[in-house]
Amino acid sequence: MRTQVVIIGGGPAGLLLACKLFKKQIDFILIEQRTKEYVLSRIRAGVLETGTVNQLVDVGVGDRLKSEGQIHGGVYFSTSYDFFHINFRQLANKTITVYGQTEVTRDMYEALEAWGANLIFEAKGVDISGHQSPQPKVTYDNEGTRYEIKCDIVVGCDGFHGISKNKISVNAEHSYFAQLPIGWLGILSETPPLKDELIYSRSDRGFALASMRSDTLSRYYVQVPVTESPENWSDDRFWEELKLRFPVHISSELETGPSIEKSIAPLRTYVSKSMSEGRLLLCGDSAHIVPPTGAKGLNLAASDVYYAYEAIVEHVNNNNQTGLKNYSEKALKRVWKSMRFSWWMTHMLHLFPDSDRFTEKIMESELSQLRNSISMQKVLSENYTGLPY
Ligand code: RFL
Ligand code: PHB
């Protein structure tokens, strides 16, 4: 087989790139190792920046997002005793959209299938070779047959556990990785959200987040040790713990119900030294993992795709390699800004088992300054709603 672009991975990064290439009539094949149902069952992100929304709308997959997504003009912060609001509209003149990653992914799959795009599922043993040459190859197994695709460009959108990032030689020795000793225990429940906007809480018992998917569907998280397992958490235990992590006048409003999903996500950070080598580009979680506290993972995947798409179009339409050469540097600049923000939010809001009392006091002080300083709130608002591309 031969095509212009091979996209490895059918998560948000791979799908968004596929939609953009399709609209530009650039030929591609997308290969995903799982089934579509499996990809759609992963409950993850819920917060979209304007830049992400605009890209989805521009490519023609934003109708449901526009009608069902909730626009939020701010966010709440709390401690065990205190509660305050940060107003994005006033401070950054921007908003965020609350719309689940599962829905974003579903909208893109539906569009791509309706357009007749070339999507391959359950591709096993995927491998990339020759990406330092002008004609890379991607090979994979499907239903017992080995296939080979020759192409001009390979884009690795295969997430943190994929094969693409290690095909870039400098990454093996020089990437930036840290595993934090904490995880997020998350549940989804068919109950109305606690408040009209998200609440991030630094409590005496650890971090908690009250989020939502709609007026009748809530998403909650509590910080737990990374060694915890969801089986140890009955719904009753979860709700009791969650209530203890918000001030009483807020938690007394909580409506509880049976969970329809419960899982633990370990918090880790990872940044590739390089996001490209020759004709191989990385987008999304294959190139970087940010802790979820800043709601940046999916949004960074979208900004990577924005830069990668520009570089691919420049190459395909004008035979100009400059975009491909500059891609990594350009994308990494924005990645590191988002990493800084996610790291800051994570450290300010969680209790770390290995941190000393001095560090705890500094982090308490960060939050109290955020409460009282409009300048700090402005910086948060600009970062949370999304830095420019
Ligand atoms: P994905 O979603 O991991 O998709 C990668 C796809 O590649 C496939 N794959 C392969 N395919 C072929 N061959 C191989 N060898 C392959 N290896 C893997 C996989 O099956 C998969 O389908 O990466 P992508 O597309 O880069 O998207 C990244 C986002 O999923 C991720 O950053 C976000 O979910 C992070 N995140 C959040 N991001 C936000 O912007 N806002 C949020 O509010 C937010 N909340 C979250 C989050 C992540 C969380 N978890 C679970 C860590 C909340 C949580 C709890
Ligand atoms: C979510 O709704 O799943 C969510 C929201 C904000 C975050 C992380 C996750 O920072």
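A polar contact here is a pair of N or O atoms within 3.5 Å; within protein, one must be able to donate a hydrogen and the other to accept it, and residues adjacent in sequence count only if both atoms are side-chain atoms. Keep that cut-off in mind for the ligand stops.

The model is predicted, so local features need pLDDT of at least 70 and side-chain atom pairs count only at pLDDT 80 or more, while totals for chains, interfaces and linings use all residues. Residues are numbered from 1 along each chain as its sequence is written, chains are lettered from A and ligands numbered from 1 in the order in which they are written, and side-chain values use heavy atoms, with hydrogens and water left out.

**Stop 1: ligand 1**

Select ligand 1 and its shell. A residue is near a molecule or strand if one of its heavy atoms lies within 4 Å of it. The ligand is surrounded by 33 residues. Glu 32, Arg 44, Gln 101, Asp 285 and Leu 298 are the closest.

Now show the polar atoms. An oxygen atom of ligand 1 sits 2.9 Å from a polar side-chain atom of Arg 44. For the side chain of Gln 101, the distance from an N or O atom to a ligand 1 oxygen is 2.7 Å. Ala 295 takes part through its backbone: an N or O atom there lies 3.1 Å from an oxygen of ligand 1. On its own, ligand 1 has 1000 Å² of accessible area, and the protein covers 89% of it. Such areas come from the Shrake-Rupley method with a 1.4 Å probe; for residues, only the protein chains shown count as cover.

Colour by element next. Helices (H or I, at least four residues) and strands (E, at least two) are DSSP runs, numbered from the N terminus. Helix H1 (12-23) and helix H10 (297-318) are the elements giving two or more residues to this shell. H10 has the largest share, with 3 residues. By type, the shell around ligand 1 holds 15 nonpolar, 11 polar and 7 charged residues. In this count, Ala, Val, Leu, Ile, Met, Phe, Trp, Tyr, Cys and Pro are nonpolar, Asp, Glu, Lys and Arg are charged, and the others, Gly among them, are polar.

**Stop 2: ligand 2**

Stay on Ala 295. A polar backbone atom of Ala 295 is also 3.4 Å from an oxygen atom of ligand 2.

A side-chain N or O atom of Tyr 200 is 2.7 Å from an oxygen of ligand 2. For Tyr 221, the corresponding distance is 2.6 Å. Taken alone, ligand 2 exposes 280 Å², of which the protein buries 96%.

**Stop 3: strand E5**

Tyr 200 in E14 stands opposite Phe 77. E5 pairs in the parallel sense with strand E14 (residues 199-203) over 3 bridges. Two strands pair if DSSP finds at least two bridges between them.

On to E6. E5 and strand E6 (residues 83-87) pair antiparallel over 5 bridges, and a hairpin of 4 residues joins E5 to E6. Tyr 76 stands opposite His 85 in E6.

Why is E5 largely enclosed by the rest of the structure? 5 of the 5 residues of strand E5 (residues 74-78) are buried. Buried means under 20% relative accessible area, exposed over 50%, partly exposed in between (1.4 Å probe, protein chains only). Gly 74, Tyr 76 and Ser 78 are on one side, with Val 75 and Phe 77 on the other.

**Stop 4: the E3-E7-E4 sheet**

Select the open sheet of 3 strands, ordered E3-E7-E4 with antiparallel pairing. Its edge strands are strand E3 (47-48) and strand E4 (70-72), each pairing on one side only. E3 connects to strand E7 (residues 96-98) by 2 bridges. Val 47 has Val 98 as its bridge partner in E7.

Click Gln 70, which lies in strand E4. Gln 70 counts as buried because its relative accessibility is 15%. Its side chain makes polar contacts with the side chains of His 72 (2.8 Å) and Asp 215 (3.1 Å).

**Stop 5: helix H13**

Finish at H13. At its start, a side-chain oxygen of Ser 373 reaches to within 3.3 Å of the backbone nitrogen of Ser 375. Among the buried residues of H13 are Met 376, Leu 380 and Tyr 384. Gly 386 follows H13, with a positive phi near 115°.
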